[in-house]
Amino acid sequence: MTAETTPHVERGVSEARAVRAENLLAEWQRFLAVMQVPADTSGILLYLTFLREGERLPTRQIDSRLSYIDLAQRMRGQEPFRKSRDVQTFMRGLAKADPLGHTVPASDPMYREIVDAVIDAVMRPDAEQQAAIAAVLLQDRLRCGVAGLIRLHWRDVTLRRGSVSIQCPSPPGSRGKPQTSKQVTIESIGGPMCPVAALHRWHEQGGRPSDRVFPTLHKSGRGKLRAALVTLRRTGDVFTAVSQASTAPRQLRARALLLLAYGAALTSQEARHLAVGDIEVVPEGLVLRVEGRSYPSLLRQDPGMPGCPLLAWQEWFAVLKQADLAEPDRPAFTRLQQGNPGGEPMSQSGINDVVKWAAAAAGFTRDHYSFSSLRWGAIRTAFRADVPLHSVAHLTGLKAFDGLARHHRREQIVRRSVAGQLGL
C-alpha cells in the first residue's frame, strides 16, 4: 500500500480493497507500457477490450476490474474512468457481446499486398494499348510506315518462341504488275521493348489469318495506336512512344490516387479537397499537407517499384501540366472528360468508382471495396506491423481513439502473441 492510499484506508476503504486496487492499477500500467498508449480513456478502453477478446473474461470480472482501477484513481484524487461516455458505452455493450458497436465494416480493408496487386492490375495495358505497343515497336524495326502496317495481316506473320518472321507486302502494283513482298525476321531481345514479346501478347487477344494485325489503323480518327505512331515519327524516340501507348490518364490518375490515399490514410473528403499545392516533392518522397490535420504526412519513395508514390504523382502531375491544370490551387485529382483531365474535382461516387474499378481489374469483388478501404487498409497494415497506436493515430490524423479501437482489436488484441508479449 502506498502513501497515497493510506489516508483513504483511514477514511473507510478497507486495506484489502486498497491493495487490490493498487495491484490492478499497476497491471493496467504495465499493459500501457507494452502497448505504448497513454493512460487516458483510450488506454482503458484498449485494456478492457483486451480483457474481453484476449483474456475472455466475463462481463462481471471486467466490471470489477474497472471498479478497482477507478478506486485507485479516486484515491489519487483523479476522476474515475466510468464517468467517460465512451467507457459507459463500452460497458453497456458488453451485455450485448458487442462493446464496440456494429462490427461488420461497410467495405473490406485494402492491405498493402492488396494495394500492390491492384496497382499492378490498373497499370496493365488493355487490348488497345497492347496493339499500340506492338505497332510502335514493330514500326521502329520495319520502317514501313503506317500504310505498311495497315496492309499487314496475321497470315503474313509467323510467330516463334524467340523470333517473328514477317512478309511485308508492298503497295498494290499498277498496270497489272504483281504485288511483291519482302521477308523480315526479328529476333527476341530482353526487356519491355521487345517487339516479338509485344506481338505475341497482342496476338493472344485473338486474330485469324485473314484479319488485319492492326484493324483500327485504317479507320479515321486519332486513336491511341495512331497517336503513338505519330509520336514515334515526330520524335524518333521509341521509349516516349511506347510510354504514350502503354498508359492513359485514367490509369495514371488511379495509381496516384490509390497510392496517396493509402500512404496518408486519406478520407474521401480529404482526397477530394486535396490541391496540387498541398503536395510537395522532397528528397524522401512526397509531403502531403492535408487540411484539418495538425501535421503533414510523409510518403517515402520506393525507387524502381510500381507502387512508388513519388513516381505515381510525378507522372499524373505531368498529365495535369500538359492540360494546363497544374496551378497550386487546382484539384490534385480531377474528373476526366473524354479521357483527359478536366478542371472539376472528382465527386464522391467518382473516387469510389476508381477503387471499385481497380479492385475488379485485379480480380477482387468490386462491391467489397470502396474508397474507405484504402484508409482502413493502411490502419490495419500498420497494426499488423506492430506500429504503436499513437503513431497510427498520427498517421491518420485522428484525435480520438474511437475510430481505431475496432481495427486495433482485430489486428492486434485478438492475436495470442499479445498475451505472450505482456507475460500474462
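1. A residue counts as exposed when its relative accessible area is over 50%. R143 has a relative accessible area of 58%, so R143 is exposed. This is a predicted model, and the points below should be read that way. R143 sits in the loop between α7 and α8 (145-151). Its phi is near 55°, a positive value in a residue other than glycine. Most residues other than glycine have a negative phi.

2. D324 is not a glycine, yet its phi is positive, at about 60°. The loop between α14 and β7 (334-337) holds D324. With a relative accessible area of 57%, D324 is exposed.

3. Now the chain as a whole. The protein chain has 19 helices and 8 strands. Of its 424 residues, 46% are buried. Take the contacts between residues at least 6 apart in sequence: 61% of them join residues at least 24 apart.

4. Is M110 buried or exposed? M110 is buried, with a relative accessible area of 1%. The residue lies in a loop, between α5 (85-94) and α6 (112-122). Leaving aside neighbours within four places in sequence, M110 is in contact with V115, V118, Y262, V355, A359, Y369, S373, L374, G377 and A378. M110 and S370 are 260 residues apart in sequence, but their C-alpha atoms are 9.3 Å apart in space.

5. Next, a helix pair. The axes of α2 (residues 15-35) and α4 (residues 59-75) come within 8 Å and cross at roughly 100°. Angles of 65 to 115 degrees count as roughly perpendicular, so α2 is roughly perpendicular to α4. On the α2 side, the contact involves R17, A18, R20, A21, E22, L24, L25, E27 and W28. On the α4 side, R65, Y68, I69, L71, A72, Q73 and M75 take part. By class, the residues of this contact are 10 nonpolar, 1 polar and 5 charged.

6. Last, the largest pocket. Its volume is about 880 Å³. Which of its 28 lining residues are closest to the centre? They are K224, Q244, T247, A248 and P249. Elements giving two or more residues to the lining are α7 (127-142), α11 (238-246), α12 (249-263), α14 (309-322) and β8 (340-345). The lining has 12 nonpolar, 9 polar and 7 charged residues.

Terms used. Residues are numbered from 1 along each chain as its sequence is written. This is a predicted model: local features need pLDDT of at least 70, side-chain atom pairs count only at pLDDT 80 or more; totals for chains, interfaces and linings use all residues. Side-chain values use heavy atoms; hydrogens and water are left out. Axes are lines fitted to C-alpha atoms, for helices over the stretch in contact, and angles run from 0 to 180 degrees between N-to-C directions. Helices (H or I, at least four residues) and strands (E, at least two) are DSSP runs, numbered from the N terminus. Angles under 35 degrees count as roughly parallel, over 145 as roughly antiparallel, 65 to 115 as roughly perpendicular and the rest as oblique. Contact means heavy atoms within 4.5 Å. Ala, Val, Leu, Ile, Met, Phe, Trp, Tyr, Cys and Pro count as nonpolar, Asp, Glu, Lys and Arg as charged, and the others, Gly among them, as polar. Buried means under 20% relative accessible area, exposed over 50%, partly exposed in between (1.4 Å probe, protein chains only). On a 1 Å grid over the protein atoms alone, a cavity is a set of points where a 1.4 Å probe fits but cannot get out, and a pocket is an open set with protein on both sides within 12 Å along at least five of seven lines; lining residues have an atom within 4 Å of a point. Grid points are joined across faces, edges and corners, and a volume is the space filled by probe spheres set on the points.
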